[in-house]
Amino acid sequence: MNLCLSETVEVPLSKRARFVGPGGYNLKKLQAETGVTVSQVDEETFSIFAPTPAAMHEAQEFQDYKLEFGAIYTATITELRDIGVMVKLYPNMTPVLLHNSQLDQRKIKHPSALGLEVGQEIQVKYFGRDPTDGRMRLSRKVLQSPASSIVKTLSDKNNIVMGGAVSETATSSS
């Protein structure tokens, strides 16, 4: 007995580009890796047909995890390249390039200069997807803020002058 499973998925217009992927890449990958067939019913509805319950389950697991803009994630390095490292934020994800310019505050020529290795976990901040090509924008260097030393020197000042008036904290003496 050949049993096919069918499921309808609602994808809001604002998330459709991410669901489909650039040039349909995400849908093609989903179909190739799970064996399901995905077809668009209308602007916000897609049908998923699966040959087995296991394939349907795999397709459901495959969907893009909901990443929050500005959130910090633990990424696993999958490959070192001359221009950066390839990282994954979750298991079924296609590795994403974290460019050398986003790895450290200092300018580096190769990720090995920072002692990075395949399999190592690093913290990265998620800045959404590039509106032109749909690629994830990640940064590690923003988490290594040298600005903290500036904040310390500002908070150490006794007098805070705003518009020519000395604030109450500076004028009150104990």
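**Entry 1: the sheet of three strands**

I began with the open sheet of 3 strands, whose order is E1-E3-E2 with antiparallel pairing. The model I am reading is a predicted one. I noted that strand E1 (5-10) and strand E2 (37-42) stand at the edges; each has a single partner strand, so one side of each is left without a neighbour in the sheet. Neighbouring strands here are turned by 25° against each other on average, direction ignored.

I then looked up the pairing of E1 with strand E3 (residues 45-50), which is antiparallel and runs over 6 bridges. Within E3, I found Ser 47 opposite Thr 8.

**Entry 2: the two helices**

I turned next to helix H1 (residues 13-20) and helix H2 (residues 25-34). Their axes come within 5 Å and cross at roughly 55°.

Which residues make the contact? On the H1 side I listed Arg 18, Phe 19 and Val 20, and on the H2 side Tyr 25, Asn 26 and Leu 27. By class, I recorded 4 nonpolar, 1 polar and 1 charged residues in the contact of H1 with H2.

**Entry 3: the sheet of five strands**

I moved on to the open sheet of 5 strands, which has the order E6-E5-E4-E7-E8 and antiparallel pairing. Which strands stand at its edges? They are strand E6 (96-99) and E8; each has a single partner strand, so one side of each is left without a neighbour in the sheet. On average, with direction ignored, neighbouring strands of this sheet are turned by 55° against each other.

Strand E5 (residues 84-88) pairs with E6 in the antiparallel sense over 4 bridges. I noted Leu 97 in E6 as the bridge partner of Met 86.

Strand E4 (residues 72-81) pairs with strand E7 (residues 121-129), again in the antiparallel sense, over 5 bridges. Here I found that Thr 76 has Glu 121 of E7 as its bridge partner.

**Entry 4: the hairpin of E7 and E8**

Lys 125 has its bridge partner in E8, namely Ser 139. How many residues lie between the two strands of this hairpin? I recorded 6 residues between E7 and E8, and in the turn Gly 134 has a positive phi of about 80°.

Methods
Residues numbered from 1 in each chain as written. Predicted model: local features only at pLDDT ≥ 70, side-chain atom pairs only at ≥ 80, totals over all residues. Heavy atoms only, no water. Pairing = 2+ DSSP bridges. Axes fitted to C-alpha atoms, helices over the stretch in contact; angles between N-to-C directions. Contact = heavy atoms within 4.5 Å. Nonpolar A, V, L, I, M, F, W, Y, C, P; charged D, E, K, R; others polar.
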